[in-house]
Amino acid sequence: MKPTFLITAGPTREYLDPVRFFSNPSSGKMGYALASAARDAGASVILVSGPVALRPPKGARLIRVESAQEMYREVTRCYRDADIVIMAAAVADYRPEKCLSKKMKKGRSALSLRMVRTPDILASLGEKKRKRLLVGFAAETGSLVREARRKMGEKNLDMIVANDVSRRDTGFGSDYNRALIIDKKGTVTRLPRMSKDRLAGIIVRQCLRNF
Ligand code: CTP
């Protein structure tokens with residue numbers, strides 16, 4: 001039987017008031033490419049997506065969310081139906097402690113905000129993994145392999161795809177990515193710069209081989 005993929009994509013938005021939020025430049029392209037590749041491999045696909053400007057991949061079940069908390073809720077709800085989970089979303093780690101119901105007015109002095117942690121979705125999935133295959137991404141600006149290995153251990157992952165997001169020619173917003181994949185045995189595979197579509201195909205095939 002073909003497995004069900006649960007894939008997350010895009011950024012999250014953490015609102016301060018109705019017109020302002022904290023976010024990041026994730027375009028969602030990597031997650032959407034993964035959803036298309038999994039669908040093309042004949043799998044069922046649930047795609048939980050933050051706000052992006054992309055056409056939903058045909059044949060995937062799309063669930064739209066905004067905040068990390070909403071993504072956490074939807075991913076947790078869909079987890080029991082999932083065999084392979086790929087967290088490609090760039091989830092915000094912090095949110096403003098309070099979201100004001102009315103637009104915040106400026107004052108004369110500097111503004112300090114208290115930010116609180118959002119749930120680590122992937123870490124919580126790792127705690128109740130059972131037979132599922134769990135794949136994470138690591139967005140880094142240095143110490144790529146060391147940081148990716150740490151996240152793999154801390155979140156109980158079977159595979160991690162790491163990329164250097166400080167590079168202009170790949171990563172956030174680009175159609176291209178230069179990534180390395182670390183598998184469960186610790187083997188590091190460094191891939192050349194390639195389209196996110198091609199990289200998605202490689203990741204999906206590796207998931208299916210290991211499932
Ligand atoms: N992730 C998650 N929930 C969060 C933050 C991250 O599920 N609140 C997932 C991401 O989707 C990704 C992996 O965890 O698959 C690693 O995300 P990354 O932003 O690289 O690292 P963090 O865990 O946030 O750690 P740090 O900020 O220390 O780099």
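Colleague: Which atoms of proline 119 lie 2.9 Å from a nitrogen atom of the ligand, backbone or side-chain?

Modeller: A backbone N or O atom of proline 119 lies at that distance, 2.9 Å, from the ligand nitrogen. This is a polar contact (N or O atoms within 3.5 Å). The model is predicted, so local features need pLDDT of at least 70 and side-chain atom pairs 80 or more, while totals for chains, interfaces and linings use all residues. Residues are numbered from 1 along each chain as its sequence is written, and side-chain values use heavy atoms, without hydrogens or water.

Colleague: And what does leucine 122 do there?

Modeller: A polar backbone atom of leucine 122 is 2.8 Å from an oxygen atom of the ligand.

Colleague: What about lysine 155, backbone or side chain?

Modeller: In lysine 155 a polar side-chain atom is involved, placed 2.5 Å from a ligand oxygen.

Colleague: How much of the ligand does the protein bury?

Modeller: The ligand taken alone exposes 570 Å² (Shrake-Rupley, 1.4 Å probe). Of that area, the protein buries 80%.

Colleague: Let us turn to the neighbours. Which residues come nearest to the ligand?

Modeller: There are 17 residues around the ligand (a heavy atom within 4 Å). Met87, Ala89, Leu122, Lys151 and Lys155 come nearest.

Colleague: How do the residues of that shell divide into nonpolar, polar and charged?

Modeller: The shell has 10 nonpolar residues, 2 polar ones and 5 charged ones. Here Gly counts as polar, Ala as nonpolar and Lys as charged.

Colleague: Which element gives the largest share of the shell?

Modeller: Strand β9 does, with 4 residues. Each of α3, β9 and α4 supplies at least two shell residues. These are DSSP runs (helices at least four residues, strands at least two).

Terms used:
Polar contact = N/O pair within 3.5 Å; in protein donor to acceptor, adjacent residues only side chain to side chain.
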